[in-house]
There are 2 protein chains.
Amino acid sequence: MRSVSIIGHGCTEFGEHWCKSFRQLIAEAGIEAIMRAGIEGKDIQALYGGSMASGRFIGQEHIGALIADQLGLNPIAATRVENACASGGAALRSGYLAVKSGEYDIVAVGGVEKMTDVGTEQAAIALGGAGDQETELFHGATFPALYALMARTHMEKFGTTEEQLAQVAVKNHKNAALNPKAQFQREITVDTVMKSGYISTPLKLLDCSPITDGAAALILCETEKAKEICENPIEIIASEQASDTLSLAGRKKLYETAAAKTAAESAFKKTGLKPGDVDFAEVHDCFTIAEILAIEALGFCPQGQGGKFTEQGKTALNGEMPVNPSGGLKGKGHPVGATGIAQAIEACLQLQGKAEKRQVKGAKLGLTHNVGGSGATCILHMYKALEGKK
Amino acid sequence: MRSVSIIGHGCTEFGEHWCKSFRQLIAEAGIEAIMRAGIEGKDIQALYGGSMASGRFIGQEHIGALIADQLGLNPIAATRVENACASGGAALRSGYLAVKSGEYDIVAVGGVEKMTDVGTEQAAIALGGAGDQETELFHGATFPALYALMARTHMEKFGTTEEQLAQVAVKNHKNAALNPKAQFQREITVDTVMKSGYISTPLKLLDCSPITDGAAALILCETEKAKEICENPIEIIASEQASDTLSLAGRKKLYETAAAKTAAESAFKKTGLKPGDVDFAEVHDCFTIAEILAIEALGFCPQGQGGKFTEQGKTALNGEMPVNPSGGLKGKGHPVGATGIAQAIEACLQLQGKAEKRQVKGAKLGLTHNVGGSGATCILHMYKALEGKK
């Protein structure tokens, strides 16, 4: 069975890019990834681009072809994959399977979203397409409302508090302050979060990830070849994906995310590893409650204990299980299609010891957890560093 | 290297489905495919769904998760792939690579589009997202205009006539009249086409494929296993994909489709076959000129001779190289995301000898050609029938 490794990565700054277009963003990330991999464009045999709602954000579909064109990569095969906010993770997994199939040796995968070309209301409606249009969005339930339902259920069942949710945001802003690509490079306090306005009770403004423009790209390579051409390849040791009902109405329990549990259990079973072996994780904290649900589903703490685990500082950069060292979606920003790729980039930087001020000490095994919608898709990857060419 | 075969297929009628929703259409096609394959839903390990512009047609993204949910297939991995009008072909190729990778043995692939929930102007704008928003659609160039430019160039360079274009429509309607799933089950004449109104000179109304609702699905299976569980598996003997510039402005020549040529050359090289070995082809005739460009790019006739080749009846059902026995996009209809899958279904029916009144005699090798945009993506598959279980 062929193995797949990452040999290069590139990422724009995440934020409000008033002067850069969708295509400029992905070109910037793509070119950086190609240069960092030390290859040339002509070495790339195929590409997969993740973008959630380019049709509604910028009036453009056919994103795969656009990226190939923009990067001068014609006539390679170029395809867009979409799994809502897990579109980046889906692009990574598609590229992974394409290399694993033997069809290609070197594949580029990327993610991009330009969200600020439309107003906030339009953005909320476009993002609502990640949920169930017929049973949720049509009736006015945008994403803060859906996650608020999950938060409320978790609070009632396990006693999780609004202050514990706030701690997730505080921790992720603290990490983002150390990340030069992050949208919010400043710390906040629990008090600031608690005093921010309610968006959908119990979630407040500072419980929510922002609207962000950005792009991220990776170069994937078959592992034996990767070791020949790259000094520090990052091997993808697990790639798992699972689904759940599109609508919250279809779920038996709103206080857990079944797709994430399924994906994690499968990844740990196949690799023979356990949650305690993971040195850090980038998880999909589109709302603070989402990080609590994630760390429970991934087995980093017992079910219902995510709030307490966070409050005790265990997910901090120097905690026993650092979560979202990059700042996460909350602090780093959330250009939806790019997020899953950006998570993988943080994994590379941490495992290569290049995460500078936010470096997790002794990081040897990383995990990324990318979610679509209110949990209908979960895509999970695990990574370790390899010795490459000297 | 693992091989991949089709063991089941399902397709809705193509047309204007005022009483069926997007999710009802894909459920109908999916369930038919599962039943025809003689498997159960729980045997399916992953799915790929092609849909071009569901965000703009029905306000819904996250189509992979929607399909898995609708078909009761949770928690399997479910992903949407998008390559504009080649989204169906892209879903097929994604499933093909996923099985080839060894990750899965049985995968469902499908395509669906519900286009009539919006008005014609909105549909034209949504479809325009397959081209280049910045250099084409924004300036008013919708798809008839882009293909009209290609038609005009072909006419000027090779002397192709409007009557020859009309012959494509006449032939495809004739075939569609024999296809109980087709949108237009009636014949037309060259005179009718010539007298239909100009949409974008030289293309007239009856040179254009229609706005269509529909869905189609396939069950893919690793070939050795397919032979055990299926009486008449159809092996995918080639799967190729290539890209070209997104915008016509980037192309050196408008009278040929480079991505299709690249994909075809690669398919023939890898299989050791030649165009003359193909017994029939389903090609992407979104406009009549597109079929002319396709049969030239695929090598069925010399460059520039596509019009004459058609006029001489060589692409007719009883011709030397039957093209679009199903009726093609022009006669069968073009629910964009579903088209690439529907083409593969026609290939299955022909190779299994089940195409009834439109059966191509002695069909042993089939080819499908699915195009995104004005040719920025081309996805090509070739198929042959296998002996399965008795």
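**Exercise 1. A salt bridge in chain B**

With a relative accessible area of 3%, is B:Glu346 buried or exposed, and which residue forms a salt bridge with it?

*Solution.*
- Step 1: B:Glu346 is buried, because its relative accessible area is 3% (buried means under 20% relative accessible area, exposed over 50%, and partly exposed in between, with a 1.4 Å probe and protein chains only).
- Step 2: A word on the model before going on. This is a predicted model, in which local features need pLDDT of at least 70, side-chain atom pairs count only at pLDDT 80 or more, and totals for chains, interfaces and linings use all residues. Residues are numbered from 1 along each chain as its sequence is written, chains are lettered from A and ligands numbered from 1 in the order in which they are written, and side-chain values use heavy atoms, leaving out hydrogens and water.
- Step 3: The partner of B:Glu346 is B:Arg358, and their closest N and O atoms are 2.8 Å apart (a salt bridge is a side-chain nitrogen of Lys or Arg within 4 Å of a carboxyl oxygen of Asp or Glu).
- Step 4: This pair links distant parts of the chain, 12 residues apart: B:Glu346 sits in helix H14 of chain B, and B:Arg358 in the loop between helix H14 (336-351) and strand E10 (365-372). Here helices (H or I, at least four residues) and strands (E, at least two) are DSSP runs, numbered from the N terminus.
- Step 5: B:Arg358 counts as buried too, because its relative accessibility is 5%.
- Step 6: Elsewhere, A:Arg56, A:Glu82, B:Glu61 and B:Arg80 are joined into one network by salt bridges that share partners.

**Exercise 2. Another salt bridge**

How far apart are the closest N and O atoms of B:Glu240 and B:Lys270?

*Solution.*
- Step 1: They are 2.9 Å apart, and the two residues form a salt bridge.
- Step 2: B:Glu240 belongs to strand E8 (residues 234-243) and B:Lys270 to helix H10 (residues 258-271) of chain B, so the pair ties together parts that are 30 residues apart in sequence.
- Step 3: B:Glu240 is buried, because its relative accessible area is 8%.
- Step 4: B:Lys270 counts as exposed, because its relative accessibility is 59%.

**Exercise 3. Where two chains meet**

How many residues of chain B are in contact with chain A, and how many salt bridges cross the interface?

*Solution.*
- Step 1: In chain B, 60 residues are in contact with 60 residues of chain A (contact means heavy atoms within 4.5 Å).
- Step 2: The area buried between the two chains is about 4300 Å², with carbon and sulfur atoms giving 43% of it. Buried area is the accessible area (1.4 Å probe) that two parts lose on being put together, summed over both.
- Step 3: Of the area that chain B buries against chain A, B:Glu61, B:His62 and B:Glu82 supply 15%, more than any other three residues.
- Step 4: The rule finds 12 salt bridges across the interface of chain B and chain A. One salt bridge between these chains joins B:Arg93 and A:Glu103, with the closest N and O atoms 3.2 Å apart.
- Step 5: E3(B) gives the largest share of the side of chain B that touches chain A, 6 residues.
- Step 6: By class, that side has 25 nonpolar, 22 polar and 13 charged residues. Ala, Val, Leu, Ile, Met, Phe, Trp, Tyr, Cys and Pro count as nonpolar, Asp, Glu, Lys and Arg as charged, and the others, Gly among them, as polar.

**Exercise 4. Finding the core**

Which residues touch the most other members of the largest nonpolar core?

*Solution.*
- Step 1: They are B:Ile44, B:Phe57, B:Tyr147, B:Ile219, B:Ile289 and B:Leu367, in a core of 90 residues. A nonpolar core is a set of buried Ala, Val, Leu, Ile, Met, Phe, Trp, Tyr and Cys residues joined through side-chain atoms within 4.5 Å.
- Step 2: Helix H1 (residues 22-37) of chain B gives the most to this core, with 8 residues.
- Step 3: Apart from this core lies another, of 89 residues, including A:Ile58 and A:Ile106.
- Step 4: Now look at B:Tyr147. Neighbours within four places in sequence aside, its contacts include B:Leu203, B:Phe287 and B:Val371.

**Exercise 5. A residue in between**

In which helix is B:Ile125 found, and which residues does it touch?

*Solution.*
- Step 1: B:Ile125 is in helix H5 (residues 120-128) of chain B.
- Step 2: B:Ile125 counts as partly exposed, because its relative accessibility is 38%.
- Step 3: Not counting residues up to four places away in sequence, B:Ile125 touches B:Arg56 and B:Leu137.
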